[in-house]
Amino acid sequence: MEDQAIGPELTLATERAGARAVVSVKGELDAYSAPGLEEEVTALLADDVSELVFDLSETKFLDSSGLRAILTAQRRLADRDGKLALRAPSEPVRRLLDITGLTDHFVVEA
């Protein structure tokens, strides 16, 4: 697993096991850093990942741009009969999911 800095406030660490990938999102996922997550998803899909987990336990901030990046990843996976899950969303992430009514939209792993 290698850390990839996406600007000064976000680091992604991706761990692969066959067609499954876990992307740890550490820091702030916002308008500035969301394109970096989208690029990572594009690369993983190009490499035949069909099951993707975003570990959001260390995500300190999530705005609408970050949420859009997650929703886009989910749609892209669903278009390929793939799956997306969120692992251990931090309190700021849970709060935004609650506010937007998307809490039950995602599969959430403990």
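I took helices (H or I, at least four residues) as DSSP runs, numbered from the N terminus. I am reading a predicted model, where local features need pLDDT of at least 70, side-chain atom pairs count only at pLDDT 80 or more, and totals for chains, interfaces and linings use all residues. Residues are numbered from 1 along each chain as its sequence is written, and side-chain values use heavy atoms, with hydrogens and water left out.

**Entry one: the cavity**

I found one cavity of 30 Å³ or more. On a 1 Å grid over the protein atoms alone, a cavity is a set of points where a 1.4 Å probe fits but cannot get out, and lining residues have an atom within 4 Å of a point. Its lining is Pro89, Arg94, Leu97, Asp98, Thr103 and Val108. Helix 3 (residues 91-100) gives the largest share of that lining, three residues.

**Entry two: the helix pair**

Next I checked helix 1 (residues 34-46) against helix 2 (residues 64-79): they pack at an angle of about 15 degrees, with axes (lines fitted to C-alpha atoms over the stretch in contact) 9 Å apart. Helix 1 and helix 2 are therefore roughly parallel (under 35 degrees). In the contact (heavy atoms within 4.5 Å), I noted Leu37 and Val41 of helix 1 and Ile70 and Leu77 of helix 2, among others.

Note on methods: Axes are lines fitted to C-alpha atoms, for helices over the stretch in contact, and angles run from 0 to 180 degrees between N-to-C directions. Angles under 35 degrees count as roughly parallel, over 145 as roughly antiparallel, 65 to 115 as roughly perpendicular and the rest as oblique. On a 1 Å grid over the protein atoms alone, a cavity is a set of points where a 1.4 Å probe fits but cannot get out, and a pocket is an open set with protein on both sides within 12 Å along at least five of seven lines; lining residues have an atom within 4 Å of a point. Grid points are joined across faces, edges and corners, and a volume is the space filled by probe spheres set on the points.
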